[in-house]
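Give the cut-offs behind each term.

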Amino acid sequence: MNMPNDHYDLIVIGSGPAGEKGAAQAAQSGKRVAMIERSANVGGAGINGTVPSKTLREAALYFSGLRQRGLFGIDYALKKNLSVKDFMQREQVAVENEQKIIESNIQQHNITLIHGEASFKDAHTIQVTSHAGEMQISGDIILIATGSVPYNPPELPVDGKLVYDSDSILQMDRIPKTMAIVGAGVIGTEYASLFAALGVQVMLIEPRERVLPFVDTEMIHRLRDQLALLGVKFALGSKVTAVELQGDHVQLTIDREQVMTFDVALIATGRQGNVRSLGLEQIGVEVDERGIIAVDERYQTSVPNIYAAGDVIGFPALASASMEQGRVAMVNAFDGKSKQKMSEVLPLSIYAIPEISMVGLTEDDCMAKQIPYVVGRGYFKNNPRGQIIGDMSGMIKLIFSPHNKKLFGVHIIGEQASELIHIGAHVMIAGSTVDAFIQAIYNYPTLAGLYKDAANDGLANLAKWRAAT
């Protein structure tokens with residue numbers, strides 16, 4: 001690793017997915033790169049938040065025996081004497097291994113890693129404050145990749161002991177018996193299913209009338225049915241108006257009337273840009289009230305030499321997208337003729353139990369935009385691999401044009417949804433049709449074969465559509 005220098009071609013603030021890939025992209029092009037990370041460990045929320053929560057999901061499935069219940073018809077409770085240490089052990093191993101991989105990547109690209117708090121002195125100069133003192137470095141290009149932090153409304157205080165947010169929940173020292181989760185977005189829904197699988201009595205509270213509003217409605221109905229089977233209770237269209245800590249439990253006031261008591265609460269009301277200490281206002285970088293940095297299609301901010309990528313620029317706030325944003329931003333920054341763009345085909349997954357994954361348009365989108373469409377479905381219960389693994393509730397759903405059969409969207413709920421979605425995504429990237437699934441040969445028995453089932457169902461529905469029009 002290089003030692004700190006005065007001037008660099010690129011300074012990257014943050015070592016998460018966007019920062020790491022952006023820094024590596026520039027270094028591969030022969031640029032001198034410095035990376036500033038205020039935490040002791042590299043990886044940002046991608047490694048220290050996303051990986052732990054997904055690893056905990058697998059631990060919940062293992063310790064609860066939930067997969068075996070569907071496979072063997074076994075109905076057994078959580079393993080006895082399960083400790084928090086048991087629950088967190090694999091999470092710690094996974095995070096440490098990923099951190100080592102990122103550290104190795106930084107070293108291999110000769111990126112100078114500086115630990116400390118970064119702040120702008122001007123558009124080209126960064127001050128770094130650490131326990132060792134202060135230093136200043138300058139750069140031709142700056143990439144802000146500081147990620148996001150939980151957004152906690154003032155009426156919902158987080159103490160990290162009884163009331164947690166999406167960061168502090170990973171340090172919970174016990175498995176509670178009851179839990180309230182405030183916010184039914186991705187984080188809230190994932191944790192609701194995870195803790196319910198462990199036998200925790202969970203109530204999911206959301207001011208909107210539905211969970212995950214960007215997900216296809218049919219998939220949400222199936223998800224809610226499965227969450228209900230896990231024991232999750234819903235309070236949709238309800239708002240938590242007060243939180244009070246009382247001894248060893250927490251008391252929530254809902255809609256200023258109903259008072260409920262839980263062992264712990266998780267506040268999952270969204271996230272905000274992690275920009276508080278950067279001093280962006282003094283250099284003219286445009287930021288909204290939630291700390292989200294405004295960028296153009298090149299990921300350039302309102303200050304020409306400063307770029308931003310990842311969660312700090314808002315939606316979609318996915319590690320996969322952040323990586324590509326960081327890479328594309330640096331290609332654009334160092335090649336004046338280049339105008340690389342992100343792929344418009346962006347798969348995303350919700351790692352609930354069961355998983356949901358999607359790419360492209362939903363039925364709701366098609367109806368809102370008055371786009372004619374046809375749907376084809378393939379069900380896990382009718383698939384031999386689905387029978388083997390015991391997933392009787394999963395489904396693949398294809399949405400395509402009745403005119404030219406071009407694939408509009410793919411939606412999956414069930415085991416391995418986050419893996420299966422990429423088959424549909426590649427068909428969409430190629431601009432192909434549902435015929436691609438008909439022509440393909442899939443190993444037998446596999447869940448991937450459900451694409452062929454869904455395509456055949458869709459073509460049958462297409463014939464009905466044509467006969468009716």
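The model is predicted: local features need pLDDT of at least 70 and side-chain atom pairs count only at pLDDT 80 or more, while totals for chains, interfaces and linings use all residues. Residues are numbered from 1 along each chain as its sequence is written, and side-chain values use heavy atoms, with hydrogens and water left out.

**Cores**

A nonpolar core is a set of buried Ala, Val, Leu, Ile, Met, Phe, Trp, Tyr and Cys residues joined through side-chain atoms within 4.5 Å. Buried means under 20% relative accessible area, exposed over 50%, with a 1.4 Å probe and protein chains only. The largest such core has 93 residues, and Phe120 and Ile126 have the most contacts inside it. Helix α5 gives the most to this core, with six residues. A second, separate core has 26 residues, including Leu407, Val410, Phe437 and Ala454. In soluble globular proteins, nonpolar side chains tend to be buried together.

Contact means heavy atoms within 4.5 Å. Leaving aside residues up to four places away in sequence, Ile126 touches Ile11, Ile13, Ile36, Ala118, Ser119, Phe120, Met135, Gln136, Ile137 and Ile142.

**Helices**

Helices are DSSP runs (H or I, at least four residues), as are strands (E, at least two), numbered from the N terminus. The expected span of a helix is 1.5 Å times one less than its number of residues.

| Helix | Residues in helix | First to last C-alpha | Expected span |
|---|---|---|---|
| α5 | 12 residues | 17 Å | 16 Å |
| α12 | 19 residues | 27 Å | 27 Å |

Helix α5 (residues 186–197) is mostly covered, with 10 of its 12 residues buried. Among them are Gly188, Glu190, Tyr191 and Phe195. The axes of α5 and α6 (residues 217–230) are 9 Å apart at an angle of about 35°, where axes are lines fitted to C-alpha atoms over the stretch in contact and angles run from 0 to 180 degrees between N-to-C directions. On the α5 side, Thr189, Ser193, Ala196 and Ala197 meet Leu223, Leu227 and Leu230 of α6. Just after α5, Gly199 has a positive phi of about 90°.

In α12 (residues 450–468), the buried residues are Leu450, Tyr451, Ala454, Ala455, Gly458 and Leu462. Seen down the axis of α12, they fall within an arc of 125°, so they line one face of the helix; the arc is that of the directions from the helix axis to the C-beta atoms. These buried residues pack against β20 (374–379), β21 (395–400), β22 (407–413), α10 (417–429) and α11 (435–439). Lys464 and Ala467, on the other side of α12, are exposed.
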